[in-house]
Each structure stands twice: as structure tokens, then as C-alpha cells.
Amino acid sequence: MTRLPFELFLGLRYLKPKRTFVSLITLISLSGVAIGVWVLIVVIAVMSGFDRELREKLMGMHAHVTVTSGGLVEHSDKLLQTALATPHVKAASPFAIGTVMIEFERRRATPYLKGINPQLEVTVSQLATYIKEGSLDLAGDKVVVGRELASQYGIFLGDKILVYSPRNLEKKGEEVYLPMELTVTGIFESGMYEYDVGLIFTSLETAQELYSLGNAVHGIEIRTDDPLDGARTVADVLNKKLARPLRAQTWAELNRRLLGAIQVEKTTMFFILILVTVVAAFCIMCTLITFAVQKTREIGVIKSLGGSSSKILRIFLLQGFFVGVVGTAVGVALGLLTIENINVIRSFLSHVLGVELFPSDIYNFTQIPAYLTMRDLLVIGVSAVGICTLGGVLPAWWASRLEPVEALRYE
């Protein structure tokens with residue numbers, strides 16, 4: 001220890017636990033830093049997990065780029081050829097979508113019905129991998145429904161549901177359109193409650209008949225070689241090629257409000273929770289001010305023996321730095337441990353409290369997602385240590401300004 005630099009030696013020596021009021025305040029300050037970092041890591045990890053999982057689910061159910069016109073798209077074959085001839089495009093598929101009312105055993109629901117070409121759909125989305133029961137068989141009058149919808153209404157494979165569409169409100173003379181009866185051939189589970197309860201799939205031909213579209217569609221979906229930069233490039237190229245009102249949008253643009261809200265919440269939570277560390281830094285400041293007052297005589301002796309003001313300054317700054325480092329290390333360890341077992345903790349607390357802490361119908365996920373990047377970890381750690389170090393600036397400056405004569409006058 002004696003071979004350490006003078007400032008480092010004294011800074012560590014003064015931080016040794018002693019049964020004094022200052023030591024108690026130091027312990028409280030260190031605990032405050034640890035708790036602040038702990039909570040901050042867990043919250044940021046959960047927010048990042050939400051963002052990551054949501055992006056994966058959206059890209060699983062959505063194509064990378066969607067081309068629509070705000071109405072009907074005629075001659076979709078030509079549009080498909082144009083899309084497939086665009087660089088970075090790997091596949092494309094037409095679709096028709098709209099709200100319908102379904103009836104099963106006198107119970108009714110109003111999901112979105114999406115008409116697809118099964119052979120082409122599997123090339124632009126991950127729908128086929130989400131099928132948990134049955135298969136993606138939409139030949140003829142067949143339908144695939146979400147697990148949540150099937151569970152809520154007691155729908156099983158082979159059941160028949162009645163589908164009412166806008167054409168059932170139309171009349172042609174004395175003729176009235178009857179609802180279409182579709183057979184359930186598959187049940188999918190995407191992991192997002194909103195889709196699993198509010199979206200069903202049928203063949204493109206069946207959807208065109210239900211909506212009286214003829215050969216028209218509502219748009220085409222495109223898969224690119226890169227869901228981020230590639231999708232943006234393809235959308236820009238198509239928007240220059242296609243005549244209005246056709247418009248190409250990426251999956252991120254279609255869901256920008258949701259993705260933007262999560263990013264804003266993540267940033268806001270970071271700044272709110274970092275205040276816990278700021279409070280701990282004020283405790284460190286108070287501790288060092290008290291310590292400096294108690295050590296006035298020692299400071300005077302050091303200065304009278306040739307110690308410079310910069311050495312005194314570094315002693316106090318190092319103390320704040322050490323408290324920040326130790327507190328941050330403890331907080332990081334607790335945070336990583338909590339993230340690793342977050343769903344076990346959730347299940348335990350739900351069981352003990354008798355309350356569902358993470359309802360899937362609200363959050364769209366069955367498990368709490370947690371994902372911590374090295375960048376987030378470094379930002380949190382460096383911010384905490386930096387704030388704690390800054391907490392020692394004022395007492396360090398005051399101690400370094402003491403004159404030996406003043407410090408020793410009343411000794």
C-alpha cells in the first residue's frame with residue numbers, strides 16, 4: 001500500500017470503514033449509487049427488450065416494405081414485376097385486408113381479415129413459422145385464426161365460422177348476400193396479443209370475394225435483403241418509380257408512433273432514474289465536506305510539509321471516484337442478476353401478491369423481455385461514476401484552498 005501514489009494512498013486510507021458518522025454517511029452514499037445503477041440497468045434493459053422484441057414481432061408479421069394506394073390497386077401483377085426488378089428485393093406478395101365480423105356459436109368478434117397467397121406470403125413474412133396447430137392451408141373456403149381469438153371463443157381446428165363483410169350490407173334487387181362460412185384449418189401464435197386476437201387469414205381469392213374487389217388488391221408486401229437500410233433504399237427507389245397515389249412505406253414507418261413512443265419512454269426513464277445517482281452524489285458531497293472539516297488539521301500538516309493544493313484536490317476527488325466505482329460495480333452486479341432472473345422474480349411476486357404483474361393483453365408479451373447492450377451498460381456506468389466524481393469537486397476545491405496557518409491556528 002505504501003508504494004501507491006501519495007494521493008491514492010491517502011484516499012483509500014480515509015475510506016476504510018470506521019465507526020464514525022462520516023463512515024455511515026459514506027455507506028449510505030455507496031448504497032444510493034448501487035441502488036440507482038441497479039434500478040437504471042433493470043429499467044433500461046426492459047425498455048430495450050421491449051423495443052427489440054417488438055421489432056422482431058413486427059418484422060415477423062409485416063413485410064419489410066408495403067406498397068399501397070389508399071384504395072384499390074389494379075393490375076397487381078405489373079406492380080409485383082416492378083417490385084421484383086428493384087435491387088435488394090427478394091420476394092413480393094399481394095394482399096387484401098379489412099375489418100369483418102365473425103360469428104361462432106352466437107358469439108361475435110370484429111377482427112381484421114387478411115387475404116393472402118400462402119405460397120408467396122411465406123416468402124415475405126414468418127406466418128408459416130407461427131402456425132402452432134393445423135397448417136397454412138387456405139385452399140377454398142378456409143381460414144387461419146390467432147390462438148388468443150381461438151381460446152376466447154372456444155374455436156378448434158375443423159370448426160366453421162361465419163364471416164360478415166361490407167358486401168352483406170349491399171343489395172342487388174331482391175338479392176341479399178349471405179355470410180360466408182369458413183373452416184378453421186390452422187391456429188397461429190405470433191407472441192403479440194394484438195395480432196393473436198385481432199387478425200385472421202384467408203386466401204386472397206376469398207378476401208376479394210368478401211370485399212367485392214374483383215381482381216384488385218389493397219397492396220403488395222415486399223421482403224428485402226436488409227430490414228433496415230435495405231428496406232429504406234427499396235422504399236425510396238419505388239417511390240420514385242411508382243405513379244401516385246401508390247406509395248411505398250417501410251415497416252418502421254408504418255409503426256413509427258409505437259417505436260417512437262418506446263424510444264422516448266426509454267430516454268425519459270434514463271434521465272428520471274439517473275436522478276437517484278445525483279441524490280447519491282449530493283450525499284457524497286456532504287460526506288466529503290464533513291470529512292474535510294474533520295481533517296482540517298491533517299490538511300494543514302500536509303500543506304506545511306510541502307503538499308501542494310493539487311494533491312489535496314486529487315485526494316478528495318479520488319474519494320468520490322472510489323465511492324462511485326464501488327457503488328456502480330455493486331449496482332451492475334445486482335442489475336445483471338435481476339435481468340437474468342426477471343421472469344422468475346415476476347412469477348414469485350405475482351404468486352405472493354396474488355396480482356398479475358405483467359398482463360399479456362396490455363403489454364402484448366407473455367414474458368418480460370430484457371436486453372442490455374454493452375453501449376447502454378457503459379453509458380450507465382460511466383454516467384454514475386462521473387456524477388459521483390463531480391460530487392467531490394466542491395469539497396475538494398474548498399480543502400485545496402485551505403492555508404496551513406489557518407488550518408493549524410486553533411490546534
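His88 lies in the loop between α3 and β2. In this predicted model, His88 has a positive phi of about 80°, although it is not a glycine. With a relative accessibility of 38%, His88 counts as partly exposed. His75 also belongs to a loop, the one between β1 and α3 (76-84). The phi of His75 is positive as well, at about 55°, and this residue is not a glycine either. His75 counts as exposed, at 60% relative accessibility.

A further backbone feature is found at Arg244 and Pro245, which are joined by a cis peptide bond with an omega of about 10°. Pro245 is situated in the loop between α9 (229-241) and β14 (247-250).

## The largest pocket

The largest pocket holds about 610 Å³ of space. It is lined by 20 residues, of which His62, Ile97, Tyr112, Tyr195 and Leu199 are the closest to its centre. Both helices and strands contribute: the elements giving two or more residues to the lining are α2 (21-61), β1 (65-73), β2 (89-99), β5 (112-116), α7 (193-198), β12 (199-203) and β13 (217-224).

Among these elements, α7 gives the most to the lining of the largest pocket, with 3 residues. Sorted by class, the lining comprises 11 nonpolar, 6 polar and 3 charged residues.

## Aromatic pairs

The model contains 3 aromatic pairs. One of them is formed by Phe188 and Phe201, whose rings are edge-to-face, at 5.5 Å centre to centre and with 75° between the planes. Phe188 lies in strand β11 (residues 180-188) and Phe201 in strand β12, so this pair ties together parts that are 13 residues apart in sequence. Phe188 has 0% relative accessibility and counts as buried. Phe201 is likewise buried, at 2% relative accessibility.

Phe270 and Phe271 form another edge-to-face pair, with 5.5 Å centre to centre and 80° between the planes. Phe271, by contrast, counts as exposed, because its relative accessibility of 52% is over the 50% limit.

## Helix α14

Helix α14 (residues 342-353) consists of 12 residues and reaches 16 Å from its first C-alpha to its last, close to the 16 Å expected at 1.5 Å a residue. Which residues of α14 are buried? They are Ile342, Asn343, Arg346 and Ser350. Seen down the axis of α14, these buried residues fall within an arc of 95°, so they line one face of the helix.

The face of α14 turned away from the buried side carries the exposed residues Val344, Phe348, His351 and Val352. After α14 comes Gly354, which has a positive phi, near 70°.

## Helix α16

Helix α16 (residues 374-391) has 18 residues, and the distance from its first C-alpha to its last is 26 Å, close to the 26 Å expected at 1.5 Å a residue. Its buried residues are Asp376, Leu377, Ile380, Gly381, Ala384, Val385, Cys388 and Gly391. Why do these residues lie on the same side of α16? They cover an arc of only 150° around the axis, which puts them on the same side of the helix. An α-helix has 3.6 residues a turn, so residues three or four places apart point the same way.

Exposed residues are carried by the face of α16 turned away from its buried side, namely Met374, Arg375, Val382 and Leu390.

Ala280 lies in helix α11 (residues 256-294). This residue counts as buried, at 3% relative accessibility. The C-alpha atom of Ala280 is separated by 5.1 Å from that of Gly32, although the two residues are 248 residues apart along the chain.

Note on methods: Residues numbered from 1 in each chain as written. Predicted model: local features only at pLDDT ≥ 70, side-chain atom pairs only at ≥ 80, totals over all residues. Heavy atoms only, no water. Helix = DSSP H or I, 4+ residues; strand = E, 2+ residues; numbered from the N terminus. Expected span 1.5 Å × (residues − 1). Buried < 20%, exposed > 50% of the residue type's maximum accessible area, 1.4 Å probe, protein only. Arc of directions from axis to C-beta. 1 Å grid on protein atoms, 1.4 Å probe; cavity = no way out; pocket = protein on both sides within 12 Å on 5 of 7 lines; lining within 4 Å. Points joined across faces, edges and corners; volume = space filled by probe spheres on them. Nonpolar A, V, L, I, M, F, W, Y, C, P; charged D, E, K, R; others polar. Phe/Tyr/Trp six-rings, centres within 6.5 Å; stacked < 30°, edge-to-face > 60°.
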